[in-house]
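Hello,

Here is the structure I promised to pass on. Please open it alongside this email and follow along as you read.

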Amino acid sequence: MSVLASLRGIRKTFANGTLAVDGLDLDIAEGEFLTFLGPSGCGKSTALRMLAGLMPPTSGAIDWADKARPQIGFVFQEPTLMPWASVFDNVWLPLRLRHISRSDAAKAIGEALDLVGLGAFAKVYPRELSGGMKMRVSIARALVTRPPLLLLDEPFAALDEITRFKLNDDLLTLKSELGTTVCFVTHSVFESVYLSTRIAVFSPRPGRIVASIDIPEPMPRNEEFRLSAVYADHCRAVSAALHAAMNAPQQQEVSR
Amino acid sequence: MSEPANGRSALPDFVLPVAIFIAALAGWEAVVRIYDIPPYLLPSPSLIGETIVKDWPLLSGSLWVTLKITFSALFLAIAGGLFLAILFSQWKWVERSFFPFAVILQVTPVIAIAPLLLVYLDAQTAVLVCAFIVAFFPILSNTVLGLASADHNLVELYELYGASRWQQLRLLRLPGALPYFLGGLKIGGGLALIGAIVAEIAAGSAGQGTGLAFRIAEAGYRLNIPRMFAALVLISVTGIAIFLFFSILSHFLLGRWHDSQRSREA
């Protein structure tokens with residue numbers, strides 16, 4: 001598989017002196033479902049945001065397959081919807097910012113809403129939706145431009161387990177329908193194994209990748225997979241890798 | 001007729017406050033009549049009502065003057081406050097440089113500025129400027145706060161999609177600031193009226209004042225207490241009308257999306 005992006009020697013120091021990411025090397029293959037797994041505050045979200053271009057790395061380089069950063073869909077930890085705009089208008093936003101009129105965008109918006117199963121809710125306002133539905137709108141908004149790369153930053157962390165499982169399944173369906181490359185951030189071992197084709201395990205801060213684990217199970221995964229022995233084995237292996245990362249001698253923080 | 005489970009009859013919400021208000025007026029009327037209080041000490045509500053009707057030609061002219069000043073000042077305060085707030089939100093150095101002036105104008109009591117303004121300006125303009133000064137600040141500071149309060153993630157999302165500054169202002173910051181702006185309007189609307197009244201009192205007979213405040217002062221000199229009360233009632237009613245107008249406007253503009261307009265299910 002061809003490489004979509006390669007990160008080399010990425011390092012990020014925040015203005016307050018915190019070294020968030022240090023020595024991050026990573027190749028993202030086209031079409032893979034890659035999960036960044038690590039403890040809270042390990043710099044995995046920071047890595048994702050640098051990938052999105054929301055913050056520049058302090059040093060190191062991100063090389064893209066087509067020389068330039070492709071279109072990116074980004075889903076935040078919160079739904080991040082505009083409360084004054086209907087579901088339709090929220091999903092319209094990425095296209096609207098590109099000066100595509102409401103009527104020209106209508107078809108793409110309808111398709112994006114159908115993809116997340118909210119076709120009937122176009123006229124509803126965000127406050128009338130449940131947490132899971134808001135997150136679906138957020139995903140529809142990220143997909144409306146049909147980006148080759150979809151980034152999700154712990155999108156389901158605030159949802160209840162039943163809703164999270166449902167959205168996990170829907171995300172996998174979307175992924176196989178659209179063929180998008182996905183980078184997903186989570187601190188849940190079980191979620192990462194269920195979703196990913198590959199898991200990058202992060203060390204505690206300053207974050208870098210200490211293990212890259214393939215989950216080579218066939219992709220239409222379902223409840224059966226979640227209950228299988230194979231799934232449990234993967235979870236055990238990933239969990240062990242995460243524990244090893246947590247207990248590894250940590251690099252000294254740079255002096256301020 | 002079925003009654004709700006809690007045993008209280010299902011009266012509309014407004015019945016109780018209205019009934020109590022009427023009871024208070026009736027109590028006032030009764031006290032005046034029972035103790036035979038002369039009208040130059042405390043006029044009864046009925047006499048105040050009669051005075052409003054009897055003096056209506058005089059009072060309505062004054063009411064019109066006061067309304068004109070209040071709404072002109074409010075309009076200028078809205079235009080100025082909104083414009084400056086947008087300027088402040090776009091360029092931090094503008095905010096740093098000019099916000100102190102706005103604060104100075106705000107913290108200096110308008111009653112203390114009024115005599116000075118009356119020296120420089122004709123009475124009517126001075127009154128207008130005073131009303132503007134007090135109404136302006138809450139609108140400015142609320143809108144500045146609102147424009148700065150945009151959801152940080154949404155700001156990043158706009159950046160991610162390469163939104164221009166103008167798009168960010170129009171599609172994100174201004175709609176987000178609307179509840180704050182309307183809050184400022186509710187305060188500013190009331191203050192514009194207060195500013196107009198206070199400045200006119202300060203102007204006193206110096207101006208050819210004809211607003212309601214002047215009527216109060218004038219009636220005071222003549223010990224025409226019922227007319228003082230009548231003018232006071234008209235001022236109160238004006239203030240209430242302004243407040244109601246902006247409350248209804250808020251409900252109309254925010255009703256569908258803002259939490260402040262949400263009624264919770266019991």
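**Chain B**

Of the 266 residues in chain B, 38% count as buried. Keep in mind that this is a predicted model. Chain B has 10 helices and zero strands. Read from the N terminus, its elements run α-α-α-α-α-α-α-α-α-α.

Now look at the overall dimensions. The radius of gyration of chain B is 23 Å, whereas a compact globule of 266 residues would be near 18 Å. Along the principal axes, the C-alpha atoms of chain B fill a box of roughly 75 × 70 × 25 Å. Contacts in chain B also reach along the sequence. Take those between residues at least 6 apart: 75% of them join residues at least 24 apart.

**One residue in chain B**

Find Leu117(B). It sits in helix H5 of chain B, residues 110-120. Is Leu117(B) buried or exposed? Leu117(B) counts as buried because it has 21 C-beta neighbours inside 10 Å, and the cut-off for buried is 20 or more.

Which residues does Leu117(B) touch, leaving aside neighbours within four places in sequence? They are Ala126(B), Val129(B) and Cys130(B).

Chain A holds an open sheet of six strands. The strand order is S5-S6-S7-S3-S8-S9, and the pairing is mixed. Strands S5 (72-75) and S9 (209-214) of chain A are the edges, each pairing on one side only. On average, neighbouring strands of this sheet are turned by 15° against each other, direction ignored.

Strands of a sheet pair through backbone hydrogen bonds, either parallel or antiparallel. For a parallel pair, see strands S3 (residues 33-37) and S7 (residues 181-186) of chain A, which are joined by five bridges. Within this pair, Leu34(A) stands opposite Cys183(A) in S7(A).

**Helices in chain A**

Two packed helices are described by the angle between their axes and the distance between the axes. The crossing of H2(A) past H4(A) is right-handed.

Which residues meet there? From H2(A) come Val87(A), Asn90(A), Val91(A), Leu93(A) and Pro94(A). From H4(A) come Val137(A), Ala140(A) and Arg141(A). By class, the residues of this contact are six nonpolar, one polar and one charged.

Then turn to helix H1 of chain A, residues 44-52. Its buried residues are Lys44(A), Thr46(A), Ala47(A), Met50(A), Leu51(A) and Ala52(A). Just after H1(A) comes Gly53(A), with a positive phi of about 85°.

**Where the chains meet**

Last, the contact between the two chains. How many residues does each chain give to it? Chain A gives 14 residues and chain B gives 16 residues. On the side of chain A that touches chain B, 11 residues are nonpolar, one is polar and two are charged.

Best wishes

Note on methods: Residues are numbered from 1 along each chain as its sequence is written. Chains are lettered from A and ligands numbered from 1 in the order in which they are written. This is a predicted model: local features need pLDDT of at least 70, side-chain atom pairs count only at pLDDT 80 or more; totals for chains, interfaces and linings use all residues. Two residues are in contact if their C-beta atoms, placed from the backbone, lie within 7 Å. Ala, Val, Leu, Ile, Met, Phe, Trp, Tyr, Cys and Pro count as nonpolar, Asp, Glu, Lys and Arg as charged, and the others, Gly among them, as polar. Two strands pair if DSSP finds at least two bridges between them. Helices (H or I, at least four residues) and strands (E, at least two) are DSSP runs, numbered from the N terminus. Axes are lines fitted to C-alpha atoms, for helices over the stretch in contact, and angles run from 0 to 180 degrees between N-to-C directions. A residue is buried if 20 or more other C-beta atoms lie within 10 Å of its own, exposed if 12 or fewer, and partly exposed in between; C-beta atoms are placed from the backbone. The radius of gyration is taken over C-alpha atoms; the globule rule is 2.2 Å times the number of residues to the power 0.38. A crossing is left-handed if the near helix is turned anticlockwise from the far one by less than a right angle, and right-handed if clockwise.
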